[in-house]
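Subject: Structure handover

Hello,

Here is the structure I said I would pass on. My notes on it follow below the entry.

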Amino acid sequence: MNKEKFILIFSALGLGLLVAVGAFFLYQKTKAIAPRDIPEIVISSPSPTPSENSLIVDSPKDEAVISSASVSVSGRADPSAKILIVSQTTQQAADSTSTGAFTATIGLESGENIIMIIAVLPNGETFTVRRTVTVSSESF
Amino acid sequence: MKKALIIFSFLLLSSGTALAASPTPTNSTASEDLIEQIDELKDKVASRVAELKLVEKRGIIGKVTEAEDTQITIEDINGGTRFIDVDELTKFSSDDDSFGISDVEPGMELGILGLYNKESRRTLARFVNVLDFPKMYVGVVSNKDEEKFVFTLNTNNNKEFAIDVENVTRTFEYDEDAALVRSGFTNIEVSQNVIVVGFEDSKDPNRISASRIVIFPGVPKNPKIMIKETPAPTITSSPSASKKPSPTP
């Protein structure tokens, strides 16, 4: 009698387990998204060109202290902008690429230097960024 | 049978609990000491790295707005207020050999080289230099006097300057090939965008003696700058301009 009871109990448990597993898989299947329902994700360029109203200077960092007598000035502006870099002693035009990126190397005086980067757009709008760069090899 | 099942269940539960509750094995006190030492070292390295990152060398240029015995307040070139601490190690330099903190006055242009603390946002000055830099202006030509070699420059912040073009003034124009070509006063036109580098007249801060000028031919004037066509300003020739621009390379 006892043996029959145990067989019955284990059979019922096994059946219950099978039903539960079946129900779980059925539920998971209903959650699957059809490929046509997945929206197309478009990743834009990782370095978008700046808006028309901006001039971004990546280098040099403002108030940087360097030991060399020249510094690379780089950044981004409108691709059609005219880029001019002016320091207290010199000036230089910079060519920009089709993405608006520009780079130029400008000579520096020993000690403090002010660099002004100017972008002039074809409509006449002008944007300026000023940077202080100090040439020093003093250790402190 | 029932008894066996109860015992089996009890053993199963108690072993699980014992496994979950058991602490990490403790090998010996020696390994604990080692872990403690490593942690201590880690803390020391981390605090030193944080300290190094907190302070950095910086060079600042600005105009003095306030000067005290141990502190100078300046307005930097971008208009920000900066607090500069001065101590016994700070070195001052100017044309005057005896220049020191007591000689710093509002309006002076200083170059500060020191240690900037990112947390307190203060700079501990190590070198303070008195500067006499030319000013840089961006604007539009609103008037031109051919006879006196003077033009009026209107800037973005609604300021107006009389620009003296002297013999030593070098004029360039930005051409189509992104190059600077030598130009002259005759090529400067009203409503043209222009960059001027020069020195302020000591008597009239609105009068600039130009050392360099860059013009942008073929580009319309900056629409943000309003200019009015007025007669030539009553500007006398400028032999009195105390600061003559030095020829630039």
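Over all chains, the count comes to 14 salt bridges in this predicted model. Between chain A and chain B there are 5 salt bridges. As background, side chains of opposite charge can pair when their charged atoms come close. One salt bridge joins A:Glu125 to B:Lys224, with the closest N and O atoms 3.0 Å apart. That pair crosses between chains: A:Glu125 sits in the loop between E7 and E8 of chain A, and B:Lys224 in the segment after strand E12 (207–215) of chain B. Another salt bridge is formed by the side chains of A:Lys82 and B:Glu176, at 3.8 Å from N to O.

On the interface itself, chain A brings 40 residues to the contact and chain B brings 47 residues. The count of residue pairs in polar contact between chain A and chain B is 15, taking pairs with both residues at pLDDT 80 or more. On the side of chain A that touches chain B, at least two residues each come from strand E4 (82–87), strand E5 (91–94), E7 and E8 of chain A. E8(A) gives the most to that side, with 7 residues. By class, this side of chain A has 15 nonpolar, 15 polar and 10 charged residues.

The size of an interface is often given as the accessible area lost when the parts come together. Here the area buried between chain A and chain B is about 3600 Å², and carbon and sulfur atoms give 64% of it.

Next, the largest pocket, which has a volume of about 930 Å³. It is lined by 30 residues, and the closest to its centre are A:Arg130, B:Lys135, B:Met136, B:Tyr137 and B:Asn157. Two or more lining residues come from each of these elements: strand E7 (111–120) and strand E8 (126–135) of chain A, and strand E1 (55–67), strand E2 (71–76) and strand E7 (135–145) of chain B. The lining divides into 13 nonpolar, 9 polar and 8 charged residues.

Two points on the backbone remain. Most residues other than glycine have a negative phi, and most peptide bonds are trans. In chain A, the peptide bond between A:Ser59 and A:Pro60 is cis, with omega about 0°. A:Pro60 is in the loop between strand E1 (55–59) and strand E2 (64–66) of chain A. In chain B, B:Arg121 is not a glycine, yet has a positive phi of about 60°. B:Arg121 lies in the loop between strand E5 (109–117) and strand E6 (122–130) of chain B.

Regards

Definitions and conventions
Residues numbered from 1 in each chain as written. Chains lettered and ligands numbered in written order. Predicted model: local features only at pLDDT ≥ 70, side-chain atom pairs only at ≥ 80, totals over all residues. Heavy atoms only, no water. 1 Å grid on protein atoms, 1.4 Å probe; cavity = no way out; pocket = protein on both sides within 12 Å on 5 of 7 lines; lining within 4 Å. Points joined across faces, edges and corners; volume = space filled by probe spheres on them. Helix = DSSP H or I, 4+ residues; strand = E, 2+ residues; numbered from the N terminus. Nonpolar A, V, L, I, M, F, W, Y, C, P; charged D, E, K, R; others polar. Contact = heavy atoms within 4.5 Å. Buried area = accessible area lost by both parts, 1.4 Å probe. Salt bridge = Lys/Arg side-chain N within 4 Å of Asp/Glu carboxyl O. Polar contact = N/O pair within 3.5 Å; in protein donor to acceptor, adjacent residues only side chain to side chain.
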